[in-house]
Amino acid sequence: MSKGDNILDVKNIKMDFPSKGVTVHAVGDVSFKVNEGETMGIVGESGCGKTTLGRCIVRAYEPTAGQVMYTTSEGELIDFLKIDKKTMKEYRKEIQMIFQDPYSSLDPRMTVLDIIKEPLLANYPHMPKEEMERKVMDIAAKVGLNTAYLKRYPHAFSGGQRQRIGIARALVLNPRIIVCDEAVSALDVSIQAQVINLLHDLQKEFDLTFLFISHDLSVVEYISDRVGVMYLGKMVEFAPTKKLFSHPMHPYTESLLSAVPVADPAKQMERIPLEGEIPNPANPPSGCYFHTRCRYCTQRCEKEAPEYVEAEPEHYVACHRAKELALKGFSYDE
Ligand SMILES: Nc1ncnc2c1ncn2[C@@H]1O[C@H](COP(=O)(O)OP(=O)(O)OP(=O)(O)O)[C@@H](O)[C@H]1O
Ligand SMILES: [Mg+2]
């Protein structure tokens, strides 16, 4: 397998949750491919299904339907969602997830050394203790933790340092893919930048592929090669980052972009507010799910669900009017 080939082929993932007598359609028929070594961003408002999708891909949830075709380092193609427990144990190491909240995701009763070591113990119970500790030290140093402090407990560390602990824990098993779910969202802006730069350096050093989930469009724009936009459990637009941000083809994307603050006031887009609340995923609207909030909505949009198509090379969108609307995006010229 060489750089740029598909490492993940996510096909028709669907996740329904039964909840209080109704069915919540958290993710509905999402498909995309991820290239080895790239960062793929996933954006969308709160509740649109980003976390659920990420958890389905790492098989923390068993999705209702769909496939996650994974190309192993030996070049073998496997359906990550179908493999048995034993094979799963082998490949789970290769696909790791980093979570949102650096305060609640680390066990407060374990030392940082033990937290980072735990995945090694679980996967390599016969590894000599010294080797294990050496690996932990190495990885802790790589993520910028002071290795003299590893016998301390998580509460002694700041938010940014805790996120580094989470990253070290994910990296210690030598994964190939990391799903980062709001990995920097809880951090102050200056600390965010440090952690993002760290992720970027680690990506280069270890040839990592990132699936970067965030509701923060500026962060996603900065870090991603390609970006997918989700709305109410569906992928509504997907394109290389610059294309998506400069030339959005879905009205939902246009709205999201218009709300991103930019440093230069002259370049600030006119805000296109999203009217109303995000609809209930247990009872989604007819036709295009976005039609209830879309300022370009027509009768057709109310009745007929748009297909998700490659409207331009590498640019996928689900909107009846994608080709006729000239939507506004970021201007990149200096
Ligand atoms: N375990 C669950 N049981 C029932 N409904 C759930 C469950 N997990 C998520 N949901 C619902 O599925 C939808 C998608 O939730 P999800 O957490 O994936 O969204 P998200 O895009 O990650 O949001 P956020 O930006 O707030 O993290 C929401 O309506 C949520 O309430
Ligand atoms: Mg989430």
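This is a predicted model: local features need pLDDT of at least 70, side-chain atom pairs count only at pLDDT 80 or more; totals for chains, interfaces and linings use all residues.

**Exercise 1.** Determine which residues lie nearest the centre of the largest pocket, and describe its lining.

*Solution.* Step 1: The lining of the largest pocket comprises 25 residues, and those nearest the centre are Gln96, Met97, Phe99, Pro119 and Arg169. Step 2: The volume of this pocket is about 570 Å³. Step 3: Assign the lining to secondary structure. At least two residues each come from α2 (85-92), β6 (95-98), α3 (112-123) and α5 (159-171). The greatest contribution is that of α5, which supplies five residues. Step 4: Classify the lining by residue type, which gives 13 nonpolar, five polar and seven charged residues.

**Exercise 2.** Identify the residues that come nearest to ligand 1 and characterise the shell around this ligand.

*Solution.* Step 1: The shell holds 13 residues, among which Ser46, Gly47, Lys50, Thr51 and Thr52 come nearest. Step 2: By type, the shell consists of five nonpolar, five polar and three charged residues. Step 3: Examine the contacts to oxygen atoms of the ligand. A polar side-chain atom of Lys50 is 2.8 Å from an oxygen atom of ligand 1. Polar backbone atoms also take part: one of Gly49 lies 3.1 Å from a ligand oxygen, and one of Cys48 lies 3.3 Å from a ligand oxygen. Step 4: Consider burial. Ligand 1 taken alone exposes 640 Å², of which the protein buries 67%. Step 5: Locate the shell in secondary structure. Two or more residues are given by β2 (22-35) and by α1 (50-57), and α1 gives the most, with three residues.

Technical notes
Residues are numbered from 1 along each chain as its sequence is written. Chains are lettered from A and ligands numbered from 1 in the order in which they are written. Side-chain values use heavy atoms; hydrogens and water are left out. On a 1 Å grid over the protein atoms alone, a cavity is a set of points where a 1.4 Å probe fits but cannot get out, and a pocket is an open set with protein on both sides within 12 Å along at least five of seven lines; lining residues have an atom within 4 Å of a point. Grid points are joined across faces, edges and corners, and a volume is the space filled by probe spheres set on the points. Helices (H or I, at least four residues) and strands (E, at least two) are DSSP runs, numbered from the N terminus. Ala, Val, Leu, Ile, Met, Phe, Trp, Tyr, Cys and Pro count as nonpolar, Asp, Glu, Lys and Arg as charged, and the others, Gly among them, as polar. A residue is near a molecule or strand if one of its heavy atoms lies within 4 Å of it. A polar contact is a pair of N or O atoms within 3.5 Å; within protein, one must be able to donate a hydrogen and the other to accept it, and residues adjacent in sequence count only if both atoms are side-chain atoms. Accessible areas come from the Shrake-Rupley method with a 1.4 Å probe; for residues, only the protein chains shown count as cover.
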